[in-house]
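Dear colleague,

I am passing on the structure below, followed by some notes on what turned up in it. Please read the notes alongside the coordinates.

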Amino acid sequence: MCRFLVWRRSVVIHIMSPFVVRHRLLHASFCLWVLLRRCLCHPVPRAGDLSEWLSGLSLHLPPVTLTLEAPFRREVNLTFDDLVCEGFAIGHMEGSVSDDTGNATSSLHVLASSMSVRRCSGLWRSSEHGRNGGLNGSLSFAIPDANFGARLVLDANASEPVVAPRADCSSGLTLADITFKGNLGILLDVLGRLLERAIDDVVDTSVCLALGSLVGPLSTFLAPLLRPPPAPRPAAAWLPPSARGPRLLEWREVPVLGALPGSAATARAVREALPGGSGAVQLQAPRNLTRQLGLNLTLRLQAVHLAGLNTLRQFVPVGPVVDEVHSLRALVEAEAPCIIAVVDLDIASQGHGIFSAVEPVTLHLLVGACLRNLSVVAQALVAVDYLKADRLSVDGLLYGGGGLLGALGTAAAAMYALNVTELELRSNVEISTLSLGIGPLEQMLAQTLRTLTDGALEAPGFDAVVPNIVDGLISPAVRQHLNVKLVQAIANSSAHTQSGGGAMVPHPPSGMDPAATRVSGVVAVASIP
């Protein structure tokens, strides 16, 4: 029997908005497709695959030293070396959100309980304070029960917007089957009783300090991202010296661009062209689209599902810019498109380091997000020689020799600059679907992550984080990378310029007037980006 339990979570969208409610059936149909695909094309993963992987996971700990109070007011330093813990289990984990409307803050709570470690073993050595020498041996113990709880406070108006109060962080554990081997001497009667208390104190302090060390850099990173996003402004359209003498083409004077329908009309045409008017498109990702993440993590995109395309409001594939005569601009505005991705995450052990696992594990991820009030704007400086562009014709590019590479080279040779000056994406992100697999642990972790993510995105003042990350970090990096590639592409293509410069070649199609095939070079050049 084919088991697939996660699709129900995808249908019951927890974002209670009219748009998402309208798209429940779309999500359900997509998840049904995933169900059939998993059952017919892939081996069905065993329930609790992640649990089984954790049960075979080993953790290699660095040396730890505890100071114990022995009888007669003597302090004994107990050091553990080569400590390895194996066989992990997580019984329960949950997240919750609470708001303090008076202080405009939100709190994220996480609680993990019924955790256990099957066995820890290693070497021990002792040294008494103020004395040389000591005892040594081996030990082993189990942790049948452990728990952890913490609270993160989100305050956009504070100098540290994310803090983890020490008073709200706690952990506890129970040790069992403690076994010491070696020449224990006077420590025989006291080690068993003192070890559990000492380890409990050390773990509690270490875990909470580790949480604080993670939250500190996160708070520093988020602080500048909480300001309202700046108004979009394209970068300067800088012209190279070689382009300042010749006459350049002014895109606003190109008739074919002026004849394009308006943005609203174009968006309406796109909506009407969608299959069945559903606004949903199914894309099958290539099998070889695999990204190596390092640490033996492999992310494989299996499929992408787009919904809400029928909410497209404005669409300008290419158009002139009023205040920049040598630039072109593209615009997309939609009310709330959604994207759902099916991703496989393979986790394997490297065989060295602090973690090692007996077998690899694959998590089947289903991640969906809706982009509320999406706005995408792209602007590029396209400096084209007027005389060279005037010579270009469809007929000349097709039959001037050199094939497609020659046509591209001829069009590229007419350019002095092609530079993306603006790449802006604005939207409010709402997580609609999140699943890590079909096992109980995967579902529990997904629910916890979903709750904490929603709480962080909806915290007062934190709605600016995603737009600022896109505008301040992602867009500039993408724009710079894209411009480097464009410069390389133009340089490489220009070497294959046709001898005729794209001028008309007397090779008309049968029954067509040659003059009918001649168009402004604008069409050919504008299609390059």
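**Salt bridges and a nonpolar patch**

R300 is partly exposed, with a relative accessible area of 23% (buried means under 20%, exposed over 50% and partly exposed in between, with a 1.4 Å probe and protein chains only). This is a predicted model, in which local features need pLDDT of at least 70 and side-chain atom pairs count only at pLDDT 80 or more, while totals for chains, interfaces and linings use all residues. Residues are numbered from 1 along each chain as its sequence is written, and side-chain values use heavy atoms, with hydrogens and water left out.

R300 forms a salt bridge with D346, the closest N and O atoms being 2.8 Å apart (a salt bridge is a side-chain nitrogen of Lys or Arg within 4 Å of a carboxyl oxygen of Asp or Glu). This pair links distant parts of the chain, since R300 belongs to strand 10 and D346 to strand 13, 46 residues apart (strands, E, at least two residues, and helices, H or I, at least four, are DSSP runs numbered from the N terminus).

A second salt bridge joins D471 to R426, with 2.5 Å between the closest N and O atoms. D471 lies in helix 12 and R426 in strand 16, so the pair ties together parts 45 residues apart in sequence. D471 is buried at 18%, and R426 likewise counts as buried at 19%.

Helix 12 also supplies the largest share, 3 residues, of a nonpolar patch, which covers about 420 Å² and is made by L218, F221, L473, I474 and V478.

Best regards

Technical notes
Patches are made of residues with over 30% relative accessible area and no salt bridge: like charges are joined within 9 Å, nonpolar side chains (Val, Leu, Ile, Met, Phe, Trp, Tyr) within 5 Å. Accessible areas come from the Shrake-Rupley method with a 1.4 Å probe; for residues, only the protein chains shown count as cover.
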